Amino acid sequence: METKEGDVAKEDAGINPRAAVAAASAASDLPSTGGKEEDLDDMFSHLELNEDELDDVIIGIDDAKEFQQAARWLAIGKVHTTRSFSAEALFEKMKVVWNLSRDLTFREAGENLFIFQMHCLGYWKKVVHQGPWTFRGWGVLIEDYDGLCDPEQFVFGGLYVWSQIHGIPELYRKPAIVDDLARRVGKVKEVQMSPKLFYEGNYVRVRVRIDISRPLLRFASLTMPEGKRRLAVKYEKIPFFCKRCGFLGHDHEECGDGVWDEKQLQYGTWMLATRRASQPSSAPRRFAPRTPLRGGVTGRGMAHNGAARKRSSDDAALNDKDDLKDTASSPEKKDESCASVTDGGAHEIDARRKLDMNLNEHGTENGMDTGGEVGDIPPLPPSYVKTTDRSKVRKTGTEGNSNEILASSAASLEDDRRA
């Protein structure tokens with residue numbers, strides 16, 4: 001046991017010995033934290049620090065101002081659920097949802113706690129003040145963070161959502177009255193008195209910050225001289241909530257023992273805003289549709305309805321007999337319209353003449369004996385004589401040999417022609 005002199009010395013050093021013993025015994029009775037850091041503030045009451053532990057790192061005023069300037073775009077977030085999930089999956093999902101031109105930096109700050117560092121005011125406003133953001137259907141709570149307080153001690157107050165208040169009488173549809181009604185839903189940030197009706201019903205649209213420690217508001221009461229009316233409150237893109245207690249963050253099957261009758265469910269999907277079905281426009285078209293070109297092409301290299309239309313024989317006029325008639329003409333070929341057809345044999349001769357241009361009107365080859373006069377045979381083209389043969393003729397000086405060469409060349413051409 002310690003002596004009284006030791007107790008007096010500890011009292012002079014500013015340490016209460018009885019408090020130190022009580023703190024030590026309490027710490028020994030606590031179960032193991034499983035690797036978590038102990039609370040140093042509680043341990044200072046009975047720990048004696050050495051010189052190295054008392055050696056402070058000093059941050060200057062100028063450095064602190066610079067760090068505070070960079071911390072303007074900090075945010076802290078968490079997923080409002082008790083279920084486990086992957087932090088990497090959350091980061092990848094939010095990158096796609098936020099779609100920022102420059103990727104923000106982020107890190108895990110604890111169990112279901114995340115620190116986000118944006119690069120500019122626009123990114124910070126989008127991430128912190130827009131939304132609501134959801135991950136796998138659960139709400140993502142994101143708030144401004146100064147970078148000083150302990151993330152484990154940070155208290156998340158609410159979630160920004162768009163809500164609708166339905167059925168406000170036109171006589172009392174005034175900004176002051178709507179603002180008072182919206183305050184029942186949450187902290188008002190924006191009011192739209194005449195919104196575009198993307199959802200069903202007659203409503204005013206308000207952006208509020210709902211308190212996650214309280215159940216969702218289902219109705220807003222309005223007392224008028226004519227009587228009292230309860231106005232339905234509906235929510236747009238609200239995260240999962242319990243149909244039994246109305247709190248965000250869990251399902252009705254996770255509330256209590258999870259066994260509830262339908263009549264015991266006090267909340268439900270009837271609190272969700274229903275988006276209007278798109279109606280086809282009845283206004284006349286300003287321009288008539290373009291007539292597709294032949295082959296189904298409607299533009300520059302674009303096919304009509306995704307593919308070119310195959311032409312049929314009727315479209316190509318392949319059955320038109322007038323287009324299939326032989327209209328070729330030559331000095332040796334007479335016009336068919338002027339030819340007199342007296343018997344069936346003339347059709348066969350005409351058909352053969354179309355196939356063989358060497359037949360005459362009698363159906364025989366030109367130059368053959370048909371019992372009549374032989375038709376005129378066109379003169380033969382001048383034969384080609386090689387330069388070496390001509391030089392040989394000049395050297396011999398015999399004109400007869402040259403004539404024989406020309407005659408033989410002409411005979412060979414005539415034989416080839418008749419063959």
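Modeller: A disulfide is counted here when two cysteine sulfur atoms lie within 2.5 Å, and in this predicted model the sulfur of cysteine 255 is 3.9 Å from the closest cysteine sulfur, that of cysteine 242, which is too far for a bond. Cysteine 242 in turn has its closest cysteine sulfur in cysteine 245, at 3.5 Å, and that distance is also too far for a bond. By this rule the count of disulfides comes to zero.

Turning to charged pairs, a search of the whole structure finds five salt bridges, one of which joins glutamate 236 to arginine 205, with the closest N and O atoms 3.0 Å apart. This pair links distant parts of the chain, since glutamate 236 belongs to strand 10 (residues 227-236) and arginine 205 to strand 8 (residues 203-211), 31 residues apart. Both glutamate 236 and arginine 205 are buried.

Two other salt bridges lie within helices. Aspartate 179 pairs with arginine 183, the closest N and O atoms being 2.8 Å apart; these residues are four apart in helix 7 (residues 175-185), and therefore about one helical turn separates them. Aspartate 179 is partly exposed, at 21% relative accessible area, while arginine 183 counts as exposed, at 53%. Lysine 95 pairs with glutamate 92, with 4.0 Å between the closest N and O atoms, and the two are three residues apart in helix 5 (residues 87-98), again about one helical turn. Lysine 95, at 32%, and glutamate 92, at 44%, are each partly exposed.

Among contacts between residues at least 6 apart in sequence, 59% join residues at least 24 apart.

Some caution is in order about confidence. The mean pLDDT of the protein is 74, and 59% of its residues reach 70 or more. Over residues 1-36 the pLDDT is below 50, and this stretch has ten contacts in the model beyond near neighbours in sequence. Residues 301-307 also stay under 50. Where pLDDT is low, the predicted coordinates should not be read in detail.

Key: Residues are numbered from 1 along each chain as its sequence is written. This is a predicted model: local features need pLDDT of at least 70, side-chain atom pairs count only at pLDDT 80 or more; totals for chains, interfaces and linings use all residues. Side-chain values use heavy atoms; hydrogens and water are left out. Contact means heavy atoms within 4.5 Å. pLDDT is the predictor's confidence in each residue, from 0 to 100. A salt bridge is a side-chain nitrogen of Lys or Arg within 4 Å of a carboxyl oxygen of Asp or Glu. Buried means under 20% relative accessible area, exposed over 50%, partly exposed in between (1.4 Å probe, protein chains only).
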